[in-house]
Amino acid sequence: MLAPRVILHFVQQGEEKGKPAALDLTITSPLCSVILGESCYQAGVTALAAETRKLHSNGPKCIPLAVETYGNWGKQAHDTFSRLASFLAIHQSSPKAVVVAEIYGRLNVVLVRSIARAILARELPPS
């Protein structure tokens with residue numbers, strides 16, 4: 001794996017290409033009452049809404065990587081992971097499909113562990 005600094009310089013696109021980018025990871029729940037109606041009918045709606053909100057609040061130098069608690073990633077995340085996998089596949093002499101699977105596999109394990117820690121950290125109400 002390459003150093004994070006190299007990867008961050010790679011992922012910035014558009015006018016800012018080659019400049020450092022901040023990756024803003026946000027985890028959102030499709031059970032949120034504001035978007036529950038839409039998320040019942042289309043997977044990933046909550047992640048797309050979170051990405052849009054982050055883009056408007058943080059600007060183009062920040063790449064939002066939104067994921068729903070059930071594992072659906074947003075479009076910006078998929079695009080970023082695809083570019084990152086292409087870059088890493090070349091530098092590691094590995095097939096892109098293998099690198100993509102490794103990226104999503106590692107991130108999904110981290111996501112599940114983080115959600116489990118959050119659940120376990122909650123205090124039970126007094127009985």
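This is a predicted model: local features need pLDDT of at least 70, side-chain atom pairs count only at pLDDT 80 or more; totals for chains, interfaces and linings use all residues.

Which residue just after helix 3 takes a positive phi? That residue is G59, with a phi of about 85°. Residues are numbered from 1 along each chain as its sequence is written, and side-chain values use heavy atoms, with hydrogens and water left out.

Let me turn to the overall arrangement. The protein has five helices and two strands, where helices (H or I, at least four residues) and strands (E, at least two) are DSSP runs numbered from the N terminus. Along the sequence they follow the pattern α-β-α-α-β-α-α. Of the 127 residues, 31% count as buried, that is, under 20% relative accessible area with a 1.4 Å probe, protein chains only.

Next, helix 3 itself. Its 14 residues reach 20 Å from the first C-alpha to the last, close to the 20 Å expected at 1.5 Å a residue; the expected span is 1.5 Å times one less than the number of residues. V45, T46, A47, A50 and E51 are buried in helix 3.

Helix 4 has 18 residues and spans 25 Å, close to the expected 26 Å. Its buried residues include A77, F81, L84 and L88. Helix 4 is followed by S93, whose phi is also positive, near 55°.

How do these two helices meet? Helix 3 and helix 4 pack at an angle of about 85°, with their axes 8 Å apart; axes are lines fitted to C-alpha atoms over the stretch in contact, and angles run from 0 to 180 degrees between N-to-C directions. That makes helix 3 roughly perpendicular to helix 4, a term covering 65 to 115 degrees. L48, E51 and L55 in helix 3 meet K75, Q76 and A77 in helix 4, with contact meaning heavy atoms within 4.5 Å. The residues of this contact divide into three nonpolar, one polar and two charged.

Of its 15 residues, L65, W73, A77, F81, L88, V99 and I103 touch the most other members. Strand 2, helix 4 and helix 5 each give two or more residues, and helix 4 gives the most, with seven. Thank you.

Terms used
A nonpolar core is a set of buried Ala, Val, Leu, Ile, Met, Phe, Trp, Tyr and Cys residues joined through side-chain atoms within 4.5 Å. Buried means under 20% relative accessible area, exposed over 50%, partly exposed in between (1.4 Å probe, protein chains only). Angles under 35 degrees count as roughly parallel, over 145 as roughly antiparallel, 65 to 115 as roughly perpendicular and the rest as oblique. Ala, Val, Leu, Ile, Met, Phe, Trp, Tyr, Cys and Pro count as nonpolar, Asp, Glu, Lys and Arg as charged, and the others, Gly among them, as polar.
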